Amino acid sequence: MARGKLSTPDWIKEGYDSPAEYNKAKGISTKKKVGRTFKVRRCAKCNSDDVGLVLSQRDSEEGGGKEWECRKCKWAGIDIKEDELNEDEFMKYLDEKGEDVA
């Protein structure tokens, strides 16, 4: 039975005493996010959250591009701002926007 070779972990190769020390030095977060996260997409030009994905016949034929359009300022492009909010931040965002939260 053939077995694959084991490789020495990077934290050992680079001289760290533990994986935790290596992760801290490299800025790698090992914490798992608790709860849900919500994505809020914003226009790159006017920062409005009233954006939508542009659909066209060409997109479906070519595998689909992700082009966004702002309904407020009519900006169109692929570079959209995207914020990830936890549940508390998202509820605060909805309250500030004036949405009815049931």
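The model is predicted, so local features need pLDDT of at least 70, side-chain atom pairs count only at pLDDT 80 or more, and totals for chains, interfaces and linings use all residues. Residues are numbered from 1 along each chain as its sequence is written, and side-chain values use heavy atoms, with hydrogens and water left out. The protein chain has four helices and five strands, and a search of the whole structure finds seven salt bridges, while the disulfide count is zero.

**Overall fold**

- Along the sequence, the elements of the protein chain follow the pattern α-α-β-β-α-β-β-β-α. Helices (H or I, at least four residues) and strands (E, at least two) are DSSP runs, numbered from the N terminus.
- The protein chain has 102 residues, of which 19% count as buried. Here buried means under 20% relative accessible area, exposed means over 50%, and partly exposed is in between, with a 1.4 Å probe and protein chains only.
- Take the contacts (heavy atoms within 4.5 Å) in the protein chain between residues at least 6 apart in sequence: 46% of them join residues at least 24 apart.

**Cysteines**

- The model has zero disulfides, a disulfide being a pair of cysteine sulfur atoms within 2.5 Å.
- For Cys46, the closest cysteine sulfur is in Cys70 at 3.7 Å, which is too far for a bond. Cys46 is partly exposed, at 29% relative accessible area.
- For Cys73, the closest cysteine sulfur is also in Cys70, again 3.7 Å away and too far for a bond. Cys73 is partly exposed too, with a relative accessible area of 26%.

**Salt bridges**

- A salt bridge here is a side-chain nitrogen of Lys or Arg within 4 Å of a carboxyl oxygen of Asp or Glu.
- Lys26 and Glu14 form a salt bridge through their side chains, with an N to O distance of 3.1 Å. Lys26 sits in helix α2 (residues 19-26) and Glu14 in the loop between α1 (10-13) and α2, so the pair ties together parts that are 12 residues apart in sequence. Lys26 is partly exposed at 42%, and Glu14 is partly exposed with a relative accessibility of 42%.
- Glu82 and Arg41 make another salt bridge, 3.1 Å from N to O. This pair links distant parts of the chain, with Glu82 in strand β5 (residues 81-86) and Arg41 in strand β1 (residues 37-42), 41 residues apart. Glu82 is partly exposed, at 39% relative accessibility, and Arg41 is partly exposed, at 31%.
- Asp49 and Lys97 meet in a salt bridge at 2.9 Å, N to O. Asp49 lies in the loop between β1 and β2 (51-53) and Lys97 in helix α4 (residues 87-97), so to speak distant parts of the chain, 48 residues apart. Asp49 is partly exposed with a relative accessible area of 24%, and Lys97 is partly exposed with 43%.

**Arg42**

- Arg42 is placed in strand β1 and counts as buried, at 18% relative accessibility.
- A polar atom of the Arg42 side chain lies 3.4 Å from the backbone oxygen of Asn47. A polar contact is a pair of N or O atoms within 3.5 Å; within protein, one must be able to donate a hydrogen and the other to accept it, and residues adjacent in sequence count only if both atoms are side-chain atoms.
- Not counting residues up to four places away in sequence, Arg42 touches Asn47, Ser48, Asp49, Val51, Ile80, Lys81, Asp83 and Tyr93.

**Ser48**

- Ser48 belongs to the loop between β1 and β2 and is buried, with a relative accessible area of 11%.
- The Ser48 side chain reaches the backbone nitrogen of Asp50 at 3.1 Å.
- Beyond its neighbours within four places in sequence, Ser48 is in contact with Arg41, Arg42, Cys43, Cys70 and Lys72.
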